[in-house]
Amino acid sequence: MKRCPVCRARFSGKPVCRRCKSDLFSLIQLEEQVKKSLHRAVYALAAGNIDTACNFCGYAESIKKTSFGKALSGFLASRQDAHRAAKIVKLQ
Ligand SMILES: [Zn+2]
C-alpha cells in the first residue's frame, strides 16, 4: 500500500493514517498475508509441490494482484501443464 485508500495520503507504514486517521491495520495485515502466501508458493515450488504452490499463489492473487504474483501464476500454470502432459505420456 503506497497511499491511504480513503484520503490518498502517502502511506507512512503506521496502522493509522496520519492525515484522516483511518484504521489501516486490517489492510496492512492483508498485505502481509499476500507476501507470506507468495513466499510459501515459492518454497512449495522449490520443493516440487506445484499444486500447493498454485494454491498459495492463487490465494495471494485473490487478495491483491501483484506483478510478481501474476508472473508466478503464469509460470506455475505452464509447469502444471507440463507436469500433467508428462503424466499422460507415462500412462501411454
Ligand atoms: Zn487517510
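Is glycine 13 buried or exposed, and how many other C-beta atoms lie within 10 Å? In this predicted model, glycine 13 is exposed, with 8 other C-beta atoms within 10 Å.

**The segment before α1**

- Although glycine 13 and arginine 3 are ten residues apart in sequence, their C-alpha atoms are 9.7 Å apart in space.
- Arginine 8, which also lies in the segment before α1, has a phi near 70°, a positive value in a residue other than glycine.
- With 12 C-beta neighbours inside 10 Å, arginine 8 counts as exposed, since the cut-off for exposure is 12 or fewer.
- Lysine 21 is likewise placed in the segment before α1, and its phi is positive, at about 65°, although lysine 21 is not a glycine.
- When its neighbours within four places in sequence are left aside, aspartate 23 is in contact with Pro15 and Val16.
- From aspartate 23 to lysine 36 the separation is 13 residues in sequence and 22 Å in space, taken from C-alpha to C-alpha.

**Packing of α1 with α2**

- The axes of α1 and α2 are 8 Å apart, and the two helices pack at an angle of about 160°.
- The two helices, α1 and α2, are therefore roughly antiparallel to each other, as angles over 145 degrees are counted in that class.
- The crossing of α1 and α2 is left-handed.
- On the α1 side, the contact is made by Leu30, Gln33, Val34, Ser37, Leu38, Arg40, Ala41, Ala44 and Leu45, and these meet Ile50, Thr52, Ala53, Phe56, Cys57, Tyr59, Ala60 and Ile63 of α2.
- Sorted by class, the residues in the contact of α1 with α2 comprise 13 nonpolar, three polar and one charged.
- Asparagine 55, found in helix α2, counts as partly exposed, with 16 C-beta neighbours inside 10 Å.
- The C-alpha atoms of asparagine 55 and arginine 40 are separated by 9.7 Å, while the two residues are 15 residues apart along the chain.

**Packing of α1 with α3**

- The crossing of α1 and α3 is left-handed, and the contact is made by Leu38, Ala41 and Leu45 of α1 together with Phe68, Gly69, Leu72 and Leu76 of α3.
- The residues of the contact of α1 with α3 divide into six nonpolar, one polar and no charged.

**Packing of α2 with α3**

- The helices α2 and α3 pack at an angle of about 150°, and their axes are 10 Å apart.
- That angle makes α2 roughly antiparallel to α3, and the crossing of α2 and α3 is left-handed.
- Ile50, Ala53, Cys54, Cys57, Ala60 and Glu61 of α2 meet Gly69, Leu72, Ser73, Leu76, Arg79, Gln80 and His83 of α3.
- By class, the contact of α2 with α3 contains seven nonpolar, four polar and two charged residues.

- α3 has 25 residues and reaches 36 Å from its first C-alpha to its last, which is close to the 36 Å expected at 1.5 Å a residue.
- An α-helix has 3.6 residues a turn, so residues three or four places apart point the same way.

Notes
Residues are numbered from 1 along each chain as its sequence is written. This is a predicted model: local features need pLDDT of at least 70, side-chain atom pairs count only at pLDDT 80 or more; totals for chains, interfaces and linings use all residues. A crossing is left-handed if the near helix is turned anticlockwise from the far one by less than a right angle, and right-handed if clockwise. Helices (H or I, at least four residues) and strands (E, at least two) are DSSP runs, numbered from the N terminus. Two residues are in contact if their C-beta atoms, placed from the backbone, lie within 7 Å. Ala, Val, Leu, Ile, Met, Phe, Trp, Tyr, Cys and Pro count as nonpolar, Asp, Glu, Lys and Arg as charged, and the others, Gly among them, as polar. The expected span of a helix is 1.5 Å times one less than its number of residues. Axes are lines fitted to C-alpha atoms, for helices over the stretch in contact, and angles run from 0 to 180 degrees between N-to-C directions. Angles under 35 degrees count as roughly parallel, over 145 as roughly antiparallel, 65 to 115 as roughly perpendicular and the rest as oblique. A residue is buried if 20 or more other C-beta atoms lie within 10 Å of its own, exposed if 12 or fewer, and partly exposed in between; C-beta atoms are placed from the backbone.
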